[in-house]
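Here is a short briefing on one protein model. Keep the sequence and the 3D view at hand while reading.

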Amino acid sequence: MGFPNPAQDHLERQISLDDLLGLREPSVFLFKMASDAMAEAGIFTGDICVVDRAINPVHAHLVQASVNGEPFCRRLWRTGGEVKLLAESSKCPTRYILEDDELIVFGVVTYSVRCHEPKP
């Protein structure tokens, strides 16, 4: 005995997360968020982020990057020659990119996925 699916009458076609999130694209990869630095953007520790390397990162994009080998998931901010990675949490500081810093942007975050199961 099972429960009826209340959405069954409203389904027109199946939903493929691979297609929806572009997961089979060679330019797409996933990473697990390691902090709450982007909490005010709705991305929390443990969320899975979908990153597309094929998108050219521009001002205000949410990016997966590294500065001098240290990983960051932050908002890319480019204004008047200044470059910084903005956290969207009052608990995390902005990372200013200095002249001698090596900034590598791996890709643009396009989606995030969260597990809603209670943690043990």
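The points below go from overall fold to sheet, cores and single residues.

The model is predicted. Along the sequence they follow the pattern α-β-β-β-β-β-β-β.

**Overall dimensions**
- The radius of gyration is 18 Å, whereas a compact globule of 120 residues would have one near 14 Å.
- The C-alpha trace spans about 65 × 35 × 25 Å along its principal axes.
- Of the 120 residues, 30% are buried.
- The accessible surface is about 8600 Å², and carbon and sulfur atoms account for 54% of that area.
- Take the contacts between residues at least 6 apart in sequence: 51% of them join residues at least 24 apart.

**The sheet**
- The seven strands form an open sheet, with antiparallel pairing, in the order β1-β2-β7-β3-β4-β5-β6.
- At the edges are β1 (28-32) and β6 (95-96), each of which pairs on one side only.
- Strand β7 (residues 103-113) runs antiparallel to β2 (residues 48-52), and five bridges join the two.
- Within that pairing, D52 has V108 of β7 as its bridge partner.
- Strand β3 (residues 62-67) is also joined to β7 by five bridges, again antiparallel.
- Here V67 stands opposite L103 in β7.
- Between β3 and β4 there are six bridges, and these strands run antiparallel.
- In β4, C73 stands opposite Q64.
- As a general rule, strands of a sheet pair through backbone hydrogen bonds, either parallel or antiparallel.

**Nonpolar cores**
- The largest nonpolar core holds 11 residues: F31, M33, A37, M38, I43, C49, V51, L62, C73, A87 and V109.
- A second, separate core has eight residues, among them V63, A65, V67 and I97.
- In soluble globular proteins, nonpolar side chains tend to be buried together.
- C49, a member of the largest core, is in contact with F29, L30, F31, I43, V109, Y111 and S112, leaving aside neighbours within four places in sequence.

**Around R75**
- R75 is found in strand β4 (residues 70-79).
- The side chains of R75 and E88 are joined by a polar contact of 2.5 Å.
- Not counting residues up to four places away in sequence, R75 touches M38, A41, A60, H61, L62, K84, L85, L86 and E88.
- Two of these residues, M38 and L62, belong to the largest nonpolar core.

Definitions and conventions: Residues numbered from 1 in each chain as written. Predicted model: local features only at pLDDT ≥ 70, side-chain atom pairs only at ≥ 80, totals over all residues. Heavy atoms only, no water. Helix = DSSP H or I, 4+ residues; strand = E, 2+ residues; numbered from the N terminus. Polar contact = N/O pair within 3.5 Å; in protein donor to acceptor, adjacent residues only side chain to side chain. Contact = heavy atoms within 4.5 Å. Core = buried A, V, L, I, M, F, W, Y, C linked by side-chain atoms within 4.5 Å. Buried < 20%, exposed > 50% of the residue type's maximum accessible area, 1.4 Å probe, protein only. Pairing = 2+ DSSP bridges. Rg over C-alpha atoms; globule rule 2.2 N^0.38 Å. Areas by Shrake-Rupley, 256 points an atom, 1.4 Å probe, with all protein chains shown as cover.
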